[in-house]
Amino acid sequence: MSAVAATSAPGARPFLVARGLVKRYPGVLALDHADGAITPGVVLGLLGKNGAGKSTLIKVLAGATAPDEGELLIDDEPVVLHGPHDATKFGLAFVHQELADVPNLTVAENIELGLGYPKVGGMLVNRRALRSKAQEVLSQLDARIDAAAPLASLSIAQRRLVMIARGLAVNARMLVLDEPTASLTDEEISHLHAVVRVLRDRGVAVVYVTHRLNEVFEITDSVAVMRDGRVVFAGPTGSVTREQLIEHITGAAAASTREPWRPPQPEAEREELLRVEDMTLPEVVEHASFSVRAGDILGIAGLVGAGRTELVRLIFGADPHSSGRVFVRGVERRIRGPRDAMAAGIVLLPEDRRNQGTITKFSVRKNITLATLRSFRLRGPLPFPHRGRETGAARDLVERLDIKVADTEHPIRYLSGGNQQKVVLAKWLNVGADVLIFDEPTQGIDVGAKDEFYGLMRDLAAEGKGVVFISSEFSELVQNCNRVLVMREGHLVGELSGEEVSESALLEKCYAA
Amino acid sequence: MPDESPNAPAELPADATRVEDAPRRTVIKSESEPAAAPTGTRDRRGVELAQKILPRYGVLIAFLVVIIVFSIAKPHIFPTWADAKTILTESAPALILAVGLTVVLAMQDFDLSIGATVGLAGGVAVALMAKHAWGWPLALLMALGFGVAVGIVNGYLIAFLGGPSFIITLAIGTVLTGIEYAFTNQATVFSGVAQGYINIAAKSYFLGLSNQIWIAVVVALVLWVLLDHTELGRYMYAIGGNPEAARLSGIRTRALRLLGFVIVGVAAAVVGIILTSQGGSYTPNAGAPYLLPAYAAAFLGAACFKPGEFNVPGTVIGVLFLGTISTGLTILNLQTYLINLVQGGILVAAVLLGRLGQRVAT
């Protein structure tokens, strides 16, 4: 409970207290006895890596998901939130990263949505009253937005302000802003900060989720850092240094169990498997060039939205690119689609496993053999798969990757996230590719499965494959990569190799701007 | 954790949605945990059996029940070879159309132009023979060719240009009916149909069953092998399950979706040929009444054998089920309004039986 005490300003009664929240998802402990408190008139910065449990905590606060254990107290009274409606009732308002607004309605209609529009004669919506009411709320925020304008005509920053105005309209006592400054310009950010200060001075408790450390020191009064589902640090912002925050976020004290990956042979003796030149998709990926050698585990670091996923999708042919050349073993290959990439020896484990990696209705066997079904033909050129051989190959891979499934005929959706991810890997191992690109392979899987995945990537590199590893967790990259590229706003802005790869160096390069 | 919050701020009025929400949650809980715990082993075994059987065989069970009921009601007419032959003969065109449709549905595409394609193919064949004196084999090939062309157009507009299949095929269907009328002037044709053409469907060479039954059997077998036992079928189901994952696995998703439309286009053309061959005549827009039963059969089939997936054996059961109900109800000599009521009721019950099993299973 020390964490709780620390976030409360002395003398002020906390508005909301969370005690021992636990939330389990299959294979993941998203919240592990998380404690916290928030006081009126305070901006609390909520920090943590991706997957640290921030989103789950917010979902619990919003009533979108029920915790398995623990309790929430509002004004010292225990409450149970049965849904977003309850959260609104208790004065909790949320501005999610992905805006939950209705673009085809006007600003005023959005602000007052669900609050009961003013009526004429009890039936028809009184548009004028609705508009003036909304305009008044907007003016409190010093937002120069016309309440009658269609929401779709507004910028993202303005739409965030509209969502905040909505929080004001419901007389919110606590406002949660989830990465509100992502994709905003400096000017928009400073306006948003001014609005946050206005709210704070009116006694609203503000929870401010962000990845930008500069912002933490500029806007927050206290901070809470989450790691592995727990609140590992909570205290006044003034009491910590930047370096201490980074340490809390990454958990640097928890030393890695493996030595960082180093290829067995020197660079000159290893063949260049993949070279990408000038890969460009305007505004998304700009002139990216790099190469991968046999035995490399090449990390790509960067913030969400830096263009990492887009870059590898271009290389794999998943999206059309405007310019750029791809060489495999020194030979230029024209890649117009995933089929060409596979033929050239490049495979991609996509970021979004559920939507891009697996066929959820299919069994484990059918998922594993999907990309290589041709090699299981009964006999000759006839396209009839030999089920026995498919099962044999699937079982071999299940054993080799230690996939936890009793029978390869089980539907893949019954498997945990980590095991599903291994099935996707099994599918690509069958292809026998030279270059394997892993896009956030460890996201949303538990610590044990993550470690197994690191081992698998090292095995592949040791076999002489080239591995490209995208991750938002710097510690993973430091632990498993012999080289790391840093991407920022569509550009490859730096490369670290060998001993230069460290979390602080990566952080510096990712956030420098 | 407390079940409800007695500490809601007093100044707030009671929230109606909350009152509604609370019991709903309780119901879900009691279904999943406590209800299962106290039941005896016998009950549990019964539940497990229901879980296994109902989702896969619920429709089949309903089908058997319907057959038994009709057999008891009319023991001298219904359960006879002659009656079975009638049902099979009448179901054959619907069967061909429905199994063809199953292929596109497996890829989560819709084809609403199939009824119009049936009419167009029949119209083209008859018009070429009766008005332009073409030989019947050529007229037949031409009709099939139209089926292929319709499939290519639909497939190109949908899979390659990204049009929504529902609207595109609805629009194309309208165009096709226009083309049909351009060939036939929307006039019924009774004469000029070659005997060779009539023989295609109407004659019977084997087991006393008319040829159209055998054609239907062949089409169903071919498409069953295609969907369930070939690479293409596996890919098609993968596209239906997750088109993006299928594409990223190197599957030619666009080409296969186009192929699906070609297959159902040809199936519809075959049905058009059978319908005109059977009577030796042409009626305008003869395919329209076949559209909805084909969907009904395919959706019934998706509640059969492979729950939640369109599959050829399921569709076959669906078609025969529908054919049996309509023949049986006719034999019972019910009034039309009763036929409608009973027919609809049986279908709803059959599909829900399968759903029930799935619900228990989760």
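## Where the chains meet

Two residues are in contact if their C-beta atoms, placed from the backbone, lie within 7 Å. With that in hand, let's look at this predicted model, starting with its chain pairing. Chain B puts 28 residues into the contact, and chain A puts in 33 residues. On the side of chain B that touches chain A, the elements giving two or more residues are α1 (16-32), α9 and α10 (243-248) of chain B. Sorted by class, this side of chain B has nine nonpolar, nine polar and 10 charged residues.

## Two helices crossing in chain B

One of those elements, α9, also has a partner within its own chain. Helix α8 (residues 211-229) of chain B and helix α9 (residues 231-241) of chain B have axes that come within 5 Å and cross at roughly 65 degrees. Angles of 65 to 115 degrees count as roughly perpendicular, and therefore α8(B) is roughly perpendicular to α9(B).

Which residues make the contact? From α8(B) come Leu226(B), Leu227(B), Asp228(B) and His229(B), while α9(B) supplies Leu232(B), Gly233(B) and Met236(B). By class, the contact of α8(B) with α9(B) has four nonpolar, two polar and one charged residues.

## A covered helix: α11 of chain B

Next along our tour is helix α11 (residues 253-279) of chain B, which has 27 residues. At 1.5 Å a residue, α11(B) should span 39 Å, and its end C-alpha atoms are 40 Å apart, so the two values agree. The helix is mostly covered, with 23 of its 27 residues buried. Just after α11(B) comes Gly280(B), which takes a positive phi of about 65 degrees.

## The domains of chain A

Turning to chain A, the chain is divided into domain 1 (2-91 + 172-250), domain 2 (103-171), domain 3 (256-345 + 433-513) and domain 4 (361-432). Between domain 2 of chain A and domain 4 of chain A, the C-alpha centres lie 53 Å apart.

Leaving aside neighbours within four places in sequence, Leu177(A) is in contact with Val95(A), Val206(A), Val207(A), Tyr208(A) and Val209(A). Leu177(A) can also be set against Ala62(A): the two are 115 residues apart in sequence and 12 Å apart in space, C-alpha to C-alpha.

How values were computed:
Residues numbered from 1 in each chain as written. Chains lettered and ligands numbered in written order. Predicted model: local features only at pLDDT ≥ 70, side-chain atom pairs only at ≥ 80, totals over all residues. Domains from an automatic or database assignment. Helix = DSSP H or I, 4+ residues; strand = E, 2+ residues; numbered from the N terminus. Expected span 1.5 Å × (residues − 1). Buried ≥ 20, exposed ≤ 12 C-beta atoms within 10 Å, placed from the backbone. Axes fitted to C-alpha atoms, helices over the stretch in contact; angles between N-to-C directions. Parallel < 35°, antiparallel > 145°, perpendicular 65-115°, else oblique. Nonpolar A, V, L, I, M, F, W, Y, C, P; charged D, E, K, R; others polar.
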